[in-house]
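Q: How should I read the helices in a model like this one? Please go through them one at a time.

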Amino acid sequence: MTAATVLRCESCGVEHGDNLASATCPNCDGLLLAEHAPPAVRGAALRALFDSRVVASAASAHERSGVWRFRELVLHVGDDAIISHPEGNTPLITRPAISKYAGVDGLVMKHEGHNPTGSFKDRGMTVALTQAQRVNARAVACASTGNTSASLSAYAAQAGIPAFVFVPAGQISAGKLAQTIAYGARVLPIDGDFDDCLRLAREAAPLGIYLVNSVNPFRVEGQKTIVFELLQQLGWQSPDWIALPAGNLGNTSAFGKALREAHALGLIDRVPRLLAVQAAGAAPFAKAFAEGFVTHHRVRAETRATAIRIGDPASWARAVTAIRETDGHVTAVSDEEIFAAKAVVDHAGVGCEPASAASIAGVRKLVAAGEIAPNASVAAVLTGHLLKDPGVPADSWLSTPLSYEAAMDVLRALTR
């Protein structure tokens, strides 16, 4: 394929080629938007092209990838240049108990925790690391509350590129940190929160380090495919709502861009409404939505849902556009609501990390408020695997071992 992607700065308007070695605009440090040449076909023909690539037995990773299946809308690059695990092909799951809890009969869950490193981050990282290799990056880096660092570390190892990870000291789950270290990234714990880490990561860019946080335009291109694959799994029939957790707002931005492109290219004839759900202790975007997005709020984030513990979201303006274009909604739910929803998801045999359950809690809240109808079709995205942040150590359940006879007494009592 020939290069057919332009990176346009959303702040100063300058356009750059797809061989740019910076994740943000070199002129003004503004966010870059990837704009691709339109594919040769559209509508039913484009749907048929994408559907023809759903081949689980394909020999190469990029052919099995649920990201690179949509390559015309992601990045025009030769197959031999792609860094893929593979990723994507995550399931749609239904459970009556979760539907009943949320109050929606037509609830499906798109479980991104089934990606290689256990979160949706792999979709963006396969594209970002492919680009890092294309521009001969000396190293790659990210700020992270855990999932991004695990994904970056795995894909950087595959690409053979050194990786640096900035994490808020004492604020990252052991499971996510273990992944990051095991895959070989250099972890730098920072005295501060995620926003402090991201500022440091952005300031390191002049050292030749390629930033792969969600401010990177190619991360957004990969994360768009959550929506493309969801629509494909639904037979290209749009649900009424797509609900997702909202932290740094990268996914909110990516989902809006995906829906805009899918509608423009005739992949769908109706645009779903987006529901972005924040934790109440880290909800600057929800507060701004309630005020009509008049003010760009920043907060000191506090929530046990660590993956969305972000007080100054980097993709703010793009997310505002996504909510407005989809007639979307933004809400905040308490930690109590998040963990209550997580318990329902876990006990239904699905499981998810705490931040993922925010999408279910948000749907439940809007159904109760009358914003979402009980007969609406709703797709809720679960962004991370249960083992990403298990919370209660297994040892606490095994602290008082039972004798053989005591165990039998328990079983007899429970089966009477």
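Q: How many residues does helix α13 have, and how far does it reach from its first C-alpha to its last?

A: This is a predicted model. Helix α13 runs over residues 335-347, which is 13 residues. From first C-alpha to last it reaches 18 Å, close to the 18 Å expected at 1.5 Å a residue.

Q: Which residues of α13 are buried?

A: The general idea comes first. An α-helix has 3.6 residues a turn, so residues three or four places apart point the same way. Here the buried residues of α13 are Asp-335, Ile-338, Ala-341, Lys-342 and Val-345. Seen down the axis of α13, these buried residues fall within an arc of 130 degrees, so they line one face of the helix. On the other side of α13, Glu-336 and His-347 are exposed.

Q: What covers the buried residues of α13?

A: The cover includes two helices, α3 (96-102) and α14 (354-368). It also includes the strands β11 (273-279), β12 (329-333) and β13 (377-382).

Q: Which residue just after α13 takes a positive phi?

A: That is Gly-349, with a phi of about 85 degrees.

Q: At what angle do the axes of α5 and α6 cross?

A: For a pair of helices, look at the approach of the axes, then the angle, then the residues in contact. The axes of α5 (residues 147-159) and α6 (residues 174-183) come within 8 Å and cross at roughly 20 degrees. Angles under 35 degrees count as roughly parallel, and α5 and α6 are therefore roughly parallel to each other. α5 passes α6 in a left-handed crossing. From α5, the contact is made by Asn-147, Ser-149, Ala-150, Ser-153, Ala-154 and Ala-157. From α6, Lys-176, Gln-179, Thr-180 and Tyr-183 take part.

Q: Is Thr-180 buried or exposed?

A: Thr-180, in helix α6, has 0% relative accessibility and so counts as buried. Leaving aside neighbours within four places in sequence, Thr-180 is in contact with Gly-146, Ser-149, Ala-150, Ser-153, Val-165, Ala-185 and Val-187. Among these, Ser-149, Ala-150 and Ser-153 are also on the α5 side of the helix contact.

Q: At what angle do the axes of α10 and α12 cross?

A: The axes of α10 (residues 250-264) and α12 (residues 316-325) cross at roughly 45 degrees and come within 8 Å. That makes α10 oblique to α12. Their crossing is left-handed.

Q: Which residues of α10 and α12 meet?

A: Thr-252, Ser-253, Gly-256 and Arg-260 in α10 meet Arg-318, Ala-319, Thr-321, Ala-322, Ile-323 and Glu-325 in α12.

Key: Residues numbered from 1 in each chain as written. Predicted model: local features only at pLDDT ≥ 70, side-chain atom pairs only at ≥ 80, totals over all residues. Heavy atoms only, no water. Helix = DSSP H or I, 4+ residues; strand = E, 2+ residues; numbered from the N terminus. Expected span 1.5 Å × (residues − 1). Buried < 20%, exposed > 50% of the residue type's maximum accessible area, 1.4 Å probe, protein only. Arc of directions from axis to C-beta. Contact = heavy atoms within 4.5 Å. Axes fitted to C-alpha atoms, helices over the stretch in contact; angles between N-to-C directions. Parallel < 35°, antiparallel > 145°, perpendicular 65-115°, else oblique. Left-handed = near helix turned anticlockwise from the far one by under 90°.
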